[in-house]
Amino acid sequence: MTLLDATDRAILDQLRRDARTSMTAIADAVHISRAGAHARIKRLTDAGVITGYTVRTDPVQLGHHASAYVMLAIEQATWQDVQARLRAIPEVEHMALVGGDFDVILLVRASDARDLRRIVLEDIQAIPSIRSTRTTLIFEDFTRE
């Protein structure tokens, strides 16, 4: 896909704020026709820039009163297996393969500290090719709108 122009970026900003925004409201906000907005969104979707639509939730309202980033050092050749095993843990909300002191960073949401302990010590550290973990508690977090 060619580079995104200012209008494409403005459309994406509108959709990031509220993916349920009507096509008319998007068109009005970025000063193009409704048909033009529809065509651009279709093009962005077809090109893989827009990969889906989602909803943001409040973890505390969902009963997740303990959250942490868990950094993992793994045996490099086992990434595919580790990834599959981590995906099977429902409390792992986000996973990223990274470079640096650790290989993987996880965002883990749990009901409380005891549940977080179980997830880290019994579920995550039980994966054989994980060499070490470091857990950092989250006191408060937010998502940019």
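Student: Where does V49 lie?
Tutor: In this predicted model, local features need pLDDT of at least 70, side-chain atom pairs count only at pLDDT 80 or more, and totals for chains, interfaces and linings use all residues. Residues are numbered from 1 along each chain as its sequence is written, and side-chain values use heavy atoms, leaving out hydrogens and water. Helices (H or I, at least four residues) and strands (E, at least two) are DSSP runs numbered from the N terminus. In these terms, V49 lies in the loop between α3 and β1.

Student: Is V49 buried, partly exposed or exposed?
Tutor: Buried means under 20% relative accessible area and exposed over 50%, with partly exposed in between (1.4 Å probe, protein chains only). V49 has a relative accessible area of 36%, so the residue is partly exposed.

Student: How far apart in space are V49 and L12, C-alpha to C-alpha?
Tutor: In sequence, V49 and L12 are 37 residues apart. In space, their C-alpha to C-alpha distance is 9.3 Å.

Student: How are α1 and α3 oriented to each other?
Tutor: Helix α1 (residues 6-17) packs with helix α3 (residues 34-46) at about 85°, with axes 11 Å apart; axes are lines fitted to C-alpha atoms, for helices over the stretch in contact, and angles run from 0 to 180 degrees between N-to-C directions. On the α1 side the contact (heavy atoms within 4.5 Å) is made by T7, D8, I11, L12 and L15, and on the α3 side by R40, I41, R43 and L44. Angles under 35 degrees count as roughly parallel, over 145 as roughly antiparallel, 65 to 115 as roughly perpendicular and the rest as oblique. The two helices α1 and α3 are therefore roughly perpendicular.

Student: At what angle do α2 and α3 pack?
Tutor: Helix α2 (residues 23-30) and α3 have axes 8 Å apart. Their contact joins M23, T24, I26 and A27 of α2 to R34, A37, H38 and I41 of α3. These two helices are also roughly perpendicular, for they pack at an angle of about 100°.

Student: With which side chain does the side chain of S129 make a polar contact?
Tutor: S129 lies in the loop between α5 and β4 (130-138) and counts as buried because its relative accessibility is 6%. A polar contact is a pair of N or O atoms within 3.5 Å; within protein, one must be able to donate a hydrogen and the other to accept it, and residues adjacent in sequence count only if both atoms are side-chain atoms. At 3.0 Å, the partner of S129 is the side chain of T78.

Student: How long is the polar contact that joins the side chains of R109 and E93?
Tutor: R109 is found in strand β3 and counts as buried, at 8% relative accessibility. Its side chain also makes a polar contact of 2.8 Å with the side chain of S67. The contact that joins the side chains of R109 and E93 is 3.2 Å.
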